[in-house]
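I opened my notebook to record what I looked up in this structure. The entries follow in the order I made them.

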Amino acid sequence: MLLKKMSVLCNRRVLMLLFYFHLVLLGVILIVAYDINVSPKETQYLKAYNRWRAIRENFDSYHEARAKQDGRLQMRGRQMDAVAGFDFLRDNNKRRSNLTISNGVHQQVFASSLENPLKFIPKVPEYSASDIVPYLSDNITKKYLELPRTIYTYKIVILTPVCDVAHVLDNYMKQLAKLSYPHNLLSVYFGEDSSTDRTFDMATLIADDLKTNYGFHDAAAYHFNASGGVHGPWGEVHSRSSQYERRAHLAVSRNTLLKVGLKHGEFDYVLWIDSDIKQLPVDLIQQLIYAKSDVVVPSCLFESGDLKRTFDKNSWRETPASIEDQEHLPKDILIVEGYSTTRRIYLPDLKAEGRVVRLDGVGGCALLIKANCHRRGLMFPEKIYSNHIETEGLAKMADHMGFTVVGVPFVEVFHN
Ligand SMILES: Nc1nc2c(ncn2[C@@H]2O[C@H](COP(=O)(O)OP(=O)(O)OP(=O)(O)O)[C@@H](O)[C@H]2O)c(=O)[nH]1
Ligand SMILES: [Mg+2]
């Protein structure tokens with residue numbers, strides 16, 4: 001009897017053991033099957049993620065080296081650190097004609113175009129490898145900048161966020177005063193916050209001047225009690241790791257100013273102009289209106305010795321390569337230009353496509369937007385939106401809302 005009971009018990013134990021063994025085996029099979037299924041995706045995702053993490057982690061030493069070069073060349077305040085631009089700085093002892101950056105032959109031709117302006121428009125590169133913008137012959141530029149005779153009636157509000165820029169506002173005013181668009185159709189509003197200098201007082205004076213002495217319809221400066229942003233030494237403001245905070249705050253400043261600005265009248269367009277522009281073409285507004293688009297941006301360059309170089313790298317077109325780079329990017333990673341190569345095409349390199357070209361990202365140095373787009377909800381994302389923020393985020397949002405986003409590459413604005 002006892003033996004019989006024991007054998008039943010043993011059989012049960014064996015059966016239980018067998019049951020657990022199969023359960024574990026099934027688990028292992030499921031895990032292996034899942035892994036096989038998921039691995040290729042995971043690998044691609046990790047590759048992209050790691051690439052971006054490396055860029056982030058390397059940035060500090062990269063930035064330090066670049067800042068030293070900047071100091072030597074007294075080129076503070078420039079976003080010139082795309083890979084080719086960086087190589088160019090590193091080779092600063094070489095004469096211009098001996099530039100040996102990628103696309104060497106092109107670069108030599110571009111660099112010597114001051115003496116020999118190009119009689120052709122360079123073809124659109126696969127992606128922008130250099131930030132040197134060649135001089136083109138007058139015949140070409142004239143053709144691409146001709147304007148029809150038009151009587152303009154559009155009311156435009158010019159909005160300019162300002163912070164610690166008292167020293168550049170005088171030139172800003174001169175540039176605005178020079179604009180050939182009817183001044184009585186222009187209103188100008190400054191949005192100031194966080195300044196430690198007399199930016200607000202200066203902006204108020206300039207607003208009065210624009211109204212009283214230059215015939216602008218209206219102008220005023222507003223102080224906002226916003227906190228945040230990144231202020232201080234150039235190196236801190238422009239370090240890669242500061243960009244989320246800096247650009248998020250700029251977006252807040254722009255959106256706050258937008259709300260106030262739009263209340264001042266029935267405007268047709270909003271024109272964003274940064275306070276630290278050095279030179280605007282006198283017909284800037286007419287050139288931007290010519291594009292007949294919802295969001296329009298000109299090329300924003302800076303002068304580096306005799307060279308013209310791209311300053312605002314936020315005006316770009318995606319390429320198959322850049323899209324591939326982003327394919328598996330986690331949603332919370334912010335892409336900013338000017339810190340490494342992102343394999344996009346910058347606006348000045350799109351000239352061969354014509355006078356008005358489609359874009360995927362825009363900068364805010366000078367930026368025309370139909371007021372109705374803003375009224376319908378288009379704004380500057382204050383958080384990451386499709387891996388972008390602020391002006392590039394706005395371009396993404398505009399596209400998602402069905403608005404047209406273009407650039408006018410032959411129209412050149414110069415940044416300080
Ligand atoms: N209200 C406000 N305006 C700001 C702030 N930071 C910058 N600005 C203004 O926003 C515009 C764009 O900022 P910039 O600092 O010139 O940005 P950037 O051109 O990308 O960088 P830089 O190379 O430093 O010129 C300028 O008119 C600035 O004066 C801020 O914290 N608050
Ligand atoms: Mg600037």
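In which sense do β3 and strand β4 pair, and over how many bridges? I found that β3 and strand β4 (residues 218-223) pair in the parallel sense over six bridges.

Before going on, I noted that this is a predicted model, in which local features need pLDDT of at least 70, side-chain atom pairs count only at pLDDT 80 or more, and totals for chains, interfaces and linings use all residues. Residues are numbered from 1 along each chain as its sequence is written, while chains are lettered from A and ligands numbered from 1 in the order in which they are written.

I wrote down the terms. Strands (E, at least two residues) and helices (H or I, at least four) are DSSP runs, numbered from the N terminus. Two strands pair if DSSP finds at least two bridges between them. Within this pair, I saw Ser187 opposite Asp218 in β4. I also noted that β3, α6 and β4 make a right-handed β-α-β unit. Right-handed means that, with the strands pointing away from the viewer, the path from the first strand over the helix to the second runs clockwise.

**Two loop residues with positive phi**

I checked Ser194, in the loop between β3 (186-192) and α6 (199-212). Its phi is near 60°, a positive value in a residue other than glycine. Next I sorted residues by burial: buried if 20 or more other C-beta atoms lie within 10 Å of a residue's own, exposed if 12 or fewer, and partly exposed in between, with C-beta atoms placed from the backbone. Ser194 has 19 C-beta neighbours inside 10 Å, so I logged Ser194 as partly exposed.

Arg343 sits in the loop between α10 (320-326) and β10 (345-346). Phi of Arg343 is near 60°, a positive value in a residue other than glycine. I logged Arg343 as partly exposed because it has 19 C-beta neighbours inside 10 Å.

**Helix α12**

Is helix α12 largely enclosed or open? Eight of the eleven residues of α12 (residues 390-400) are buried, so the helix is largely enclosed by the rest of the structure. Among the buried ones I listed Glu390, Leu394 and Met397. The buried residues pack against α8 (243-262), β7 (295-304), β12 (366-370), α11 (371-375) and β13 (405-415). Gly402 follows α12, and its phi is positive, near 90°.

I then looked at Arg376, in the loop between α11 and α12. With 12 C-beta neighbours inside 10 Å, Arg376 counts as exposed. The C-alpha atoms of Arg376 and Met401 are separated by 9.2 Å, though the two are 25 residues apart along the chain.

**The nonpolar core**

I looked up the largest nonpolar core, which has 87 residues. Such a core is a set of buried Ala, Val, Leu, Ile, Met, Phe, Trp, Tyr and Cys residues joined through C-beta atoms within 7 Å. Ala366 is one of the residues with the most contacts inside it. Two residues are in contact if their C-beta atoms, placed from the backbone, lie within 7 Å. Leaving aside neighbours within four places in sequence, the contacts of Ala366 include Trp272, Ile277, Pro298 and Val413. My general note: in soluble globular proteins, nonpolar side chains tend to be buried together.
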